[in-house]
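Please consider the sequence and the structure shown here together. The explanation below then leads from the whole chain to single residues.

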Amino acid sequence: TLRATDGTIVPVQLAANPLREGDQVSLCLVATDLTELEASANSLQVLREHEQALQESEARFRAIFEASLDAVIVANDGGVCVQANPAVQVVFGLPPEQFVGRRIADFMGNVIHFEATWRVFLATGTFHEEVSLTAADGQVRSVDADAVANVLPGRHLWVLHDVTERRLAEQ
């Protein structure tokens, strides 16, 4: 490191070579300022740390998403499932890979005006209601549906807690 005239420390790379001219020996010294290179290296380190934190966060999210006993669905603006956890099979009778690409409306038998309900949900940002769903096998299930709009741009989170057994016990 060298000290600049203003007192700041400057990282440099030094190269020195002797120069001979007759009986005179001189020293050629070249100093390359590494300030920008070190700043880039620091930025790269920060980016690596952020990437690692993001990967750890994704792993935590994935573990919670996969382990949830409630059906967790991420839908797009049209109400089409773009992501679903394994618990959707219990509620809808379809494995997640078969549920993705389906409209939530296809299973909501008691929401007569799904399109209007969906528009209100997108406008208000939340939905909380007990609804009846008709699973792929025709079985009607009661679920507490909680949803939050725009958890990501154009992505809406739905969590469905199956209360069918509780409703039957209450009856």
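The paragraphs that follow begin with the overall form and then turn to selected places.

This is a predicted model, in which local features need pLDDT of at least 70 and side-chain atom pairs count only at pLDDT 80 or more, while totals for chains, interfaces and linings use all residues. Residues are numbered from 1 along each chain as its sequence is written, and side-chain values use heavy atoms, with hydrogens and water left out.

The protein chain contains five helices and nine strands. Helices (H or I, at least four residues) and strands (E, at least two) are DSSP runs, numbered from the N terminus. Their order along the sequence is β-β-β-β-α-β-β-α-α-α-β-β-β-α. The radius of gyration of the protein chain is 31 Å, well over the 16 Å that the globule rule gives for 171 residues, so the chain is more spread out than a compact globule. Here the radius of gyration is taken over C-alpha atoms, and the globule rule is 2.2 Å times the number of residues to the power 0.38. Along the principal axes, the C-alpha trace spans about 110 × 30 × 25 Å.

Of the 171 residues in the protein chain, 28% are buried. Buried means under 20% relative accessible area, exposed means over 50%, and partly exposed lies in between (1.4 Å probe, protein chains only). Contact means heavy atoms within 4.5 Å. Among contacts between residues at least 6 apart in sequence, 33% join residues at least 24 apart.

The charged side chains comprise 12 positive and 24 negative ones, and the centres of the two sets lie 3 Å apart. Lys and Arg count as positive and Asp and Glu as negative, whereas His and the chain ends are not counted. The place of a charge is taken as NZ of Lys, CZ of Arg, CG of Asp or CD of Glu.

What is the count of disulfides in this model? A disulfide is a covalent bond between the sulfur atoms of two cysteines. With a disulfide taken as a pair of cysteine sulfur atoms within 2.5 Å, the count comes to zero. Cys28 counts as partly exposed because its relative accessibility is 31%, whereas Cys81, at 1%, counts as buried.

Attention now moves to single residues. Ser68 is placed in the loop between helix H1 (35-67) and S5. Its relative accessibility of 22% makes Ser68 partly exposed. Setting aside residues up to four places away in sequence, Ser68 touches Asn85 and Ala87. Ser68 and Asn85 are 17 residues apart in sequence, with 7.7 Å between their C-alpha atoms.

The loop between strand S5 (71-75) and strand S6 (81-84) holds Gly78. Gly78 is partly exposed, with a relative accessible area of 39%. Beyond its neighbours within four places in sequence, Gly78 is in contact with Arg103 and Trp118. Gly78 and Trp118 are 40 residues apart in sequence, and their C-alpha atoms are 8.6 Å apart.

Is Trp158 buried or exposed? Trp158, found in strand S9 (residues 155-162), counts as buried because its relative accessibility is 3%. Not counting residues up to four places away in sequence, Trp158 touches several residues, including Ala71, Ile104, Trp118, Phe121, Phe127 and Asp146.

Asn150 lies in strand S8 (residues 140-152). Although Asn150 is not a glycine, its phi is positive, at about 55°. Asn150 is partly exposed, with a relative accessible area of 44%.

The last stop is helix H5 (residues 164-170), in which Thr164 lies. Thr164 counts as buried because its relative accessibility is 7%. Leaving aside neighbours within four places in sequence, Thr164 is in contact with Val140, Arg141 and Ser142. Glu165 is also found in helix H5, yet Glu165 counts as exposed, at 57% relative accessibility. The C-alpha atoms of Glu165 and Ser142 are separated by 8.5 Å, and the two residues are 23 residues apart along the chain.
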